[in-house]
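Please read these notes with the model open beside you. Take the points in order and find each element as it comes up.

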Protein chains: 2
Amino acid sequence: MTKHRCLSQCLLWILFPPSFVYTLSTNHPNVVIFYADDLGYGDIEPYGHPTSSTPNLRRLAADGLVLTQFYSAAAVCSPSRAALLTGRYQMRSGIYPGIINVKRPGGLPLNEVTIAEMLKPEGYKSAAIGKWHLGLGNNSMYLPPSHGFDVSLGLPASPAQCRCSICFYPNVTCHSAPCHSDEYTPCALFNGTKIVEQPVDLLTLDEKYVAEGRHFIRENVKSETPFFLYYASHHTHQPQYAGKETSGTSLRGRFGDSLAALDWEVGQIYQELEENGILDDTFFVFSSDNGPSLSLNTFGGNAGPMKCGKGTTYEGGMRVPAIIHWPGRITPGRSFEFSSTLDILPTIASITKAKLPAVTLDGYDMSPFLFDGMHSVRESFFYYPPNVNTEYKSYAVRYKQYKAVFYTQGSRLSNRMNKDVDCRGSTQRTYHNPPMMFDLEQDPSENYNLSTKHSPEKDIVEMIIQMRADFDARMVFAQSETRKPKDDSLMPCCNRGCIPFPSCCHCIGNTSWKTPTLLDSDEKGF
Amino acid sequence: MTKHRCLSQCLLWILFPPSFVYTLSTNHPNVVIFYADDLGYGDIEPYGHPTSSTPNLRRLAADGLVLTQFYSAAAVCSPSRAALLTGRYQMRSGIYPGIINVKRPGGLPLNEVTIAEMLKPEGYKSAAIGKWHLGLGNNSMYLPPSHGFDVSLGLPASPAQCRCSICFYPNVTCHSAPCHSDEYTPCALFNGTKIVEQPVDLLTLDEKYVAEGRHFIRENVKSETPFFLYYASHHTHQPQYAGKETSGTSLRGRFGDSLAALDWEVGQIYQELEENGILDDTFFVFSSDNGPSLSLNTFGGNAGPMKCGKGTTYEGGMRVPAIIHWPGRITPGRSFEFSSTLDILPTIASITKAKLPAVTLDGYDMSPFLFDGMHSVRESFFYYPPNVNTEYKSYAVRYKQYKAVFYTQGSRLSNRMNKDVDCRGSTQRTYHNPPMMFDLEQDPSENYNLSTKHSPEKDIVEMIIQMRADFDARMVFAQSETRKPKDDSLMPCCNRGCIPFPSCCHCIGNTSWKTPTLLDSDEKGF
């Protein structure tokens, strides 16, 4: 540290000691979950990518806790999100197999209790911004307003499920095929259950999200209301896009520009918390829904040292970056403790004193290792594949440092040309008996199978086999919400009944909803 | 930053402002090169390994510059070290093909100018501690004293080239086969050209090295002599070993213990610099000689997102971690600037005003990007394989962000069972015409070959083809030093002439040389 930097920081402490900063009740900290899309384990600076530039995530990591053994409950979008918001494996809520298509009438069942609903009795206001992907349904019945969110602005799915054209400022067209197809209506931006822009302008979408998020924070601070902000960025899912601030700014090409946009969004939300003096009163979680979409080549992400990517139950599919930030409560650093997105809901319940939903939960309170220097309560984790069904159930089990692998299968999302043939979509489901065994603390890349006849881990294998049998036997599969029959009329349209559908769905300039303006400070180039 | 931490740091500044700290002439900063062995790109905390714990390297990285696009000049030990110390590709000094075997009479030619020799006219004292691996020769003619080092303590090669037995405190035997063979004499520890211990006790070897290194620093500070310390650790090469401080301490098993020992050594040297108030006057470089030895499974390292490992010209073989530390002169952070171990000698010449050796150099002064916020002068780098010869020459060329790959070949050092068959030892040399092309800034893992007929990079390919032809045509191969005929009598023996050779070479308790005692402060558990 230089002398000047030291003195200026201390001066700040003298002029504005923490006790004078506006504080909320310590029992009701604010909660921000910033959720990235298809961001791989190795994609950001704190996880070692050599050319990613993510200054805002770097700062979050420097002042927060970087988790290195953190798992998403699924290897694709919709089930990951269902699990995060409910603290339950996706099969319990019917968000399997695969993802939700807006043409199908299913969605996250209304009797599922989300974090937003859990926090409501404690006086929290909640907002869902960005990608939803937990169903649209008849009359937008599955959108965030039905799940406890007071404010919401976003797309029902990723822009890959709608038509778009310009993805990069000023006029670079989108690169990925679904964006150009006629299969979907033009992208519809929903405010609550109402379409406010169609097709959405991707070049200004992040600005709208950020403005809404910042406005939501400010309003709650003004009214001294604790809040939960669920900010689910579209970045870095395909089609990547980037507005004026970040287009063409990165060494990593278009993926890098999308990553820069993600980082900019994080920075904007962080800045709003900082300007309102509530960083110390906010439990901030950053994570990703699943591993990188390697099939997109340089338009996909990077799993770092992890094997394969999105769509697989290898580490590259389900181990994700996670940064937890709460200055004064969480000691900055890195943690090797083993945890999952399933643990977020119970942890939030613990720190807000909210009542846990009266259903089977799959998560554990992370407080012991986050706040008390103890070990994680979680000892096991079950890897369910995107095509999970009641016949095969879990593909692998992690118990402490050991991963026992019963089934492997490649995924078309992890590249048909992958040099590691295990990852390829053409690699069919394979049963391993005895299961393959990996020590993930010594071998995170799943290179060295320990499961030999004379392995000293034999007892552990037997124990895990039993553990899996017990857990899978008790797993209750709800009716699938993702495979209900397609119905084109469900596609979102602000101009319902127009001809020719779906391309007629246009409503640019809908004036019934106004984007909150960004603060002046945004123009200072933060 | 917490208030307390801030205040205590400022108090230190008030009590001991930098101007009162002992300083050397700014033209003659001290130089420390800390060189790890077979440490992969992804092995340490600052480069994203999920379970490595390297607190001293973390601190070095936090206060230093982490280079993400830094290359060793070779993919195996001896040539890497020759290139580092001379600033020249290894073929120029004859350190090819492969590595130096102590039974062969070759070594780094005495007319080569090392960093130590370059600094001598400027009044520097130099020490070489640890692994040498640049030849032993008749009468120890190639050891560090013949190459400008005033002080030296170390083994002629890695402990894999000698017999040993106990590798982990208190009594765990070494795991790797060469350690148990009768091919070599028991490990000989040299002080200068004299054997002071044979077989060496690996459990206390690091303590001896550290004590010697700290003593060297202290003595030079006392006499106000600028110094160059070349500390070439044996860690994390096989056979891994660890003494009392680090054995059994890591999540990564025996490799992790060896890594912890490496980190401990870094911390000890750092502490000596700190205690003598000369951190600000010391240009400290941390790096590794080549990528991880994946053939050793969990006893080998991890290349992170890089392809393959040791012995190959893929990124995993030659891109290595590098941290440059010089408080007050180098702004902490990460740098994407492209550089190499070849650049270390010219950079040291630049900052010490030493005269460059009057020979063909392959390095560039790194000062523009280290000190002046400019780009690296280096635009290209040539990847020569361990089995380089005058017929095939360079296998690949990096030009700016592009890597053009003309030849690929696996290596037995990168695992015969590697899931990526390109890495395996059984994968023979393959010629690529047109060369494969990778954008390493977008695709550091070398997954996506850009070289198609319609590639926009076609002009660049043509330019690189020409650049390679020109450079290879001008490359002068010295006579090989590594393939001179074996002579068992060259094996180091403190009891020369004894019977039965080589196992009779024993001299434990040689009292003619005394290990400097560690300072009291070492016992405080730093």
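**Notes on the model**

1. Start with chain A. Four strands form an open sheet in the order β13-β14-β15-β16, with antiparallel pairing. Strands here are DSSP runs of E with at least two residues, helices are H or I runs of at least four, and both are numbered from the N terminus. Two strands pair if DSSP finds at least two bridges between them. β13 (380-383) and β16 (430-439) of chain A are at the edges with a single partner strand each, so one side of each has no neighbour in the sheet. From one strand to the next, the twist averages 10°.

2. A word on the source. This is a predicted model, in which local features need pLDDT of at least 70 and side-chain atom pairs count only at pLDDT 80 or more, while totals for chains, interfaces and linings use all residues. Residues are numbered from 1 along each chain as its sequence is written, and chains are lettered from A and ligands numbered from 1 in the order in which they are written.

3. Look inside the sheet. β14 (396-399) and β15 (402-408) of chain A pair in the antiparallel sense over four bridges. R398(A) stands opposite K403(A) in β15(A). Helix α11 (458-474) of chain A packs on the sheet and touches β13, β14, β15 and β16 of chain A. Its direction makes about 120° with that of β14(A). Such angles run from 0 to 180 degrees between N-to-C directions, and axes are lines fitted to C-alpha atoms, for helices over the stretch in contact.

4. Next, two helices of chain A. The axes of α6 (202-222) and α7 (253-275) of chain A come within 9 Å and cross at roughly 20°. α6(A) and α7(A) are therefore roughly parallel (angles under 35 degrees).

5. Turn to chain B. Helix α9 (344-352) of chain B is mostly covered, with eight of its nine residues buried. Buried means that 20 or more other C-beta atoms, placed from the backbone, lie within 10 Å of the residue's own. Among the buried residues are I344(B), L345(B) and P346(B). The cover includes β1 (30-36) and α3 (77-86) of chain B. Just after α9(B), K353(B) takes a positive phi of about 65°.

6. Finally, the interface. 35 residues of chain B are in contact with 35 residues of chain A. Contact means C-beta atoms, placed from the backbone, within 7 Å. On the side of chain B that touches chain A, α1(B) gives the largest share, six residues.

Terms used: Two residues are in contact if their C-beta atoms, placed from the backbone, lie within 7 Å. Angles under 35 degrees count as roughly parallel, over 145 as roughly antiparallel, 65 to 115 as roughly perpendicular and the rest as oblique. A residue is buried if 20 or more other C-beta atoms lie within 10 Å of its own, exposed if 12 or fewer, and partly exposed in between; C-beta atoms are placed from the backbone.
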